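The stops below go from the whole chain to single side chains.

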Amino acid sequence: GAEAGAAASAAAVVVPAAARRDASMENWAEVWHQLEQAGWRIEMGPRGDNNMQTYYLPPDITRGPGAKNRVDYFDSRAQVLRLLKSEEALAAAAPGASKRRRDHSGDASPARRRHLCGRNVPG
């Protein structure tokens, strides 16, 4: 369903191998440090009437038109860790695949195409 599609799309985000290996809440500080080094960042945004929400954004992703929460960027640590675990599973299932850059531009949103594989792809 839609959740599987979102997970497949999110799995295209390039993340450091060390972050995938260490992906757990217990290691969050180290994982986040590695992601920041790779260009990830945090943005705060409104949630409800008086609350603020933390958003975790991969490199070259901007919240707004063309970018979808929980697909292109994430609103919880658990979602980021889930992405890292799915990346780890993909790498384990296809030896050498993590070393190859795959172009998923045909099945991704314009926002996702802009940051796939750490390079700009025309939207």
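A contact here means heavy atoms within 4.5 Å. Among contacts between residues at least 6 apart in sequence, 43% join residues at least 24 apart. The model is predicted, so local features need pLDDT of at least 70 and side-chain atom pairs count only at pLDDT 80 or more, while totals for chains, interfaces and linings use all residues. Residues are numbered from 1 along each chain as its sequence is written, and side-chain values use heavy atoms, with hydrogens and water left out.

**Whole chain**

Start with a cartoon view. The protein has five helices and two strands, in the order α-α-α-β-β-α-α from the N terminus on. Helices (H or I, at least four residues) and strands (E, at least two) are DSSP runs, numbered from the N terminus. Switch to a surface: its accessible area is about 7100 Å², of which 51% belongs to carbon and sulfur atoms. That area comes from the Shrake-Rupley method with a 1.4 Å probe; for residues, only the protein chains shown count as cover. Of the 123 residues, 39% are buried. Buried means under 20% relative accessible area, exposed over 50%, and partly exposed in between (1.4 Å probe, protein chains only).

**Aromatic rings**

Now show the side chains of Phe, Tyr and Trp. Rings (for Trp, the six-membered one) pair if their centres lie within 6.5 Å; planes under 30 degrees apart count as stacked, over 60 as edge-to-face and the rest as tilted. The whole structure holds six aromatic pairs.

Select W32 and Y56, which form an edge-to-face pair, 5.3 Å centre to centre with 75° between the planes. This pair links distant parts of the chain, with W32 in helix 3 (residues 28-37) and Y56 in strand 2, 24 residues apart. Both W32 and Y56 are buried.

Next select W40 and F74. They are stacked, with centres 6.2 Å apart and 15° between the planes. W40 sits in the loop between helix 3 and strand 1 (41-47), and F74 in the loop between strand 2 and helix 4, 34 residues apart. W40 counts as buried because its relative accessible area is 3%; F74 is buried too, with a relative accessible area of 3%.

**Salt bridges**

A salt bridge is a side-chain nitrogen of Lys or Arg within 4 Å of a carboxyl oxygen of Asp or Glu. The whole structure has three salt bridges.

Select E43. Its side chain meets that of R41 at 3.4 Å, N to O, and that of R63 at 3.2 Å, N to O. R63 lies in the loop between strand 2 and helix 4 and E43 in strand 1, so this pair ties together parts that are 20 residues apart in sequence. E43 is partly exposed at 23% relative accessible area, R41 at 28% and R63 at 26%. Shared partners join R41, E43 and R63 into one network.

Move to R70, which forms a salt bridge with D75, the closest N and O atoms being 3.3 Å apart. D75 is buried, with a relative accessible area of 14%.

**Last stop: T62**

Where is T62 placed? Select the loop between strand 2 (51-57) and helix 4 (77-93), and T62 is there. Not counting residues up to four places away in sequence, T62 touches R41, L57 and A67. From T62 to D72 the C-alpha to C-alpha distance is 8.9 Å, and the two are ten residues apart in sequence.
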